[in-house]
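Subject: Structure for you to look through

Hello,

Here is the structure I said I would pass on. Please open it first, and then read the notes below it.

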Amino acid sequence: LGRKLNSALSQLNRAPVVDEKVLDALLKEICAALLESDVNVKLVSSLRQKVKAKAKAAFEAGADKGKEANRRNVVHKAIFDELVQLVDPGVEPYKPKKGQPNVIMAVGLQGNGKTTTCTKLAAYYQRRGFKSCIVCADTFRAGAFDQTRQSASKAKVSFFGSYTETDPVAIASQGVTKFKKERFEVIIVDTSGRHRQESELFQEMVQIGEAVKPDMTVLVLDASIGQAAEAQSRAFKESSDFGAIIVTKMDGHAKGGGAISAVAATKTPIIFLGVGEHLADLDKFSPQPFISKLLGMGDVQGLMEHMQDVAMQNPEKQKEMAKKFEEGKLSIRDWKEQVQNVMSMGPISKIASMIPGLPAEMLEGSDEDGARRLKRMVFITDSMTAQELDSDGSLFMQVGKDGKPTGLTWRVMRVAKGSGTSVREVEELLCQYRMMAHMAKQAGGKKGWLQAAQKMQ
Ligand code: GDP
Ligand code: MG
């Protein structure tokens, strides 16, 4: 979906004039891509109308006549905003608080990924300094506790369950009581997802809920059901008033967009997306960064979170980095460290899409290809002097009398030679560094990053 939206938008950038015809063609392509990923027809046609209305109003106002760049921005922003609307339920989810128990109960049909997601969630919060654990209250499926035991051990997360107890309510309340006593902060209760009768399942959910009084109930939904997600979440909502949703198996399912937009229509916040079978395959979800990433505009928020994850292992460094981010004072050396961090963070394809301004070619090919390209960038920085590394890159720029850059200095050539790369590659690297530093500065104020992302276009 991202690729298709991306290519549609790049047509907008290439069009010499931006008029209604171009807009119509663009919208046609975008809507086709959305429909293909199973987004509801009504939602799609409403998006088309709204974008059109916004663009037309701006065109007719005339202010932008002749200035294609402005027109492009108007169209681009309208599309961005409406896509965000499509996936934004407009409701804030519960946020676990430190220093107190936060009970999270996972519900959902068997096979949707509850147990997997519970472990990912526990690991996620644990990485962020919450003492986290899992209670296995699935007594229905044979081997359920073994699954929890194995995955929780692998994730180094505490767990509770029983091979003999058959009452899920009893296990749930025992586990939660025990972990509360032990001052755990995030206590995740995994439930069963199948019964002889649906009514039994819903009844059990209600009973467990009454016993453990969750601060947040999370519905786990499989992305492959597409827009049927709406009906399924409504059915669950009737008996358990869940406050958040996690959509799993977003990897390799063309219907993901359908599921996400269907869920948004039920006014329930999606908090995470499951994007694979491994522990780290859990992406935090928020509407704006999600769309931004989808359109190849990067995801600075997500990136900063990932970087914090890595930095967790070194709290001093993290503080220093956070400060630099806030002040918008990232040097090339900091940028290099970030790239190296990115390389240690696992699948390049995943991380790279968060980096604003990274050219699309960086994302093509296998993860090894991506890693090789990132390594090349590190080679380039290896050929820089300490002074250059600690600078903001202005050493590489020739500046005219008016303070505007007029060209590159000899340093660029030297670095290209020294690293066995080309002037173009060095230039690209500097460009990416600047974008990153700029975004970081904007992100310092947290809210500012979106405007930054839009300005970059
Ligand atoms: P439960 O019955 O709801 O507890 O579901 P499980 O957690 O046992 O997961 C069912 C299957 O889905 C397992 O094979 C998981 O590995 C797989 N799974 C869960 N989440 C994801 C995901 O985000 N992506 C992919 N590809 N597979 C997933
Ligand atoms: Mg399970």
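What is the handedness of the crossing of helix 9 and helix 10? The crossing of helix 9 and helix 10 is right-handed; a crossing is called right-handed if the near helix is turned clockwise from the far one by less than a right angle, and left-handed if anticlockwise.

Before the rest, some ground rules. This is a predicted model, in which local features need pLDDT of at least 70 and side-chain atom pairs count only at pLDDT 80 or more, while totals for chains, interfaces and linings use all residues. Residues are numbered from 1 along each chain as its sequence is written, and chains are lettered from A and ligands numbered from 1 in the order in which they are written.

Helix pairs

Two packed helices are described by the angle between their axes and the distance between the axes. Helices here are DSSP runs (H or I, at least four residues), numbered from the N terminus. Axes are lines fitted to C-alpha atoms over the stretch in contact, and angles run from 0 to 180 degrees between N-to-C directions. Angles under 35 degrees count as roughly parallel, over 145 as roughly antiparallel, 65 to 115 as roughly perpendicular, and the rest as oblique.

Helix 9 (residues 229-239) and helix 10 (residues 256-265) have axes 8 Å apart, at an angle of about 40°. That makes helix 9 oblique to helix 10. Ala229, Glu230 and Ser233 of helix 9 make the contact with Ala259, Ala262, Val263 and Ala265 of helix 10; two residues are in contact if their C-beta atoms, placed from the backbone, lie within 7 Å. By class, this contact has 5 nonpolar, 1 polar and 1 charged residues. Nonpolar means Ala, Val, Leu, Ile, Met, Phe, Trp, Tyr, Cys and Pro, charged means Asp, Glu, Lys and Arg, and the others, Gly among them, are polar.

Helix 7 (residues 168-181) and helix 8 (residues 198-212) cross at roughly 25°, and their axes come within 9 Å. Helix 7 and helix 8 are therefore roughly parallel to each other. Their crossing is right-handed. Among the residues in the contact are Pro168 and Val176 of helix 7 and Ile208 and Val212 of helix 8. The contact divides into 7 nonpolar, 2 polar and 1 charged.

Helix 1 (residues 2-14) and helix 4 cross at roughly 165°, with axes that come within 10 Å. The two are therefore roughly antiparallel to each other, and their crossing is right-handed. Leu9, Leu12 and Asn13 in helix 1 meet Arg72, Val75 and His76 in helix 4.

Domains

The protein is divided into domain 1 (2-87), domain 2 (102-292) and domain 3 (300-456), with bounds from an automatic or database domain assignment. The centres of domain 1 and domain 2, taken over C-alpha atoms, are 37 Å apart. Their contact takes 11 residues from domain 1 and 15 residues from domain 2. On the domain 1 side, the largest share, 5 residues, comes from helix 4 (residues 68-87).

Ligand 1

Ligand 1 is surrounded by 17 residues, and the closest are Gly113, Lys114, Thr115, Thr116 and Gly274; a residue counts as near if its C-beta atom, placed from the backbone, lies within 6 Å. The shell has 1 nonpolar, 11 polar and 5 charged residues.

Regards
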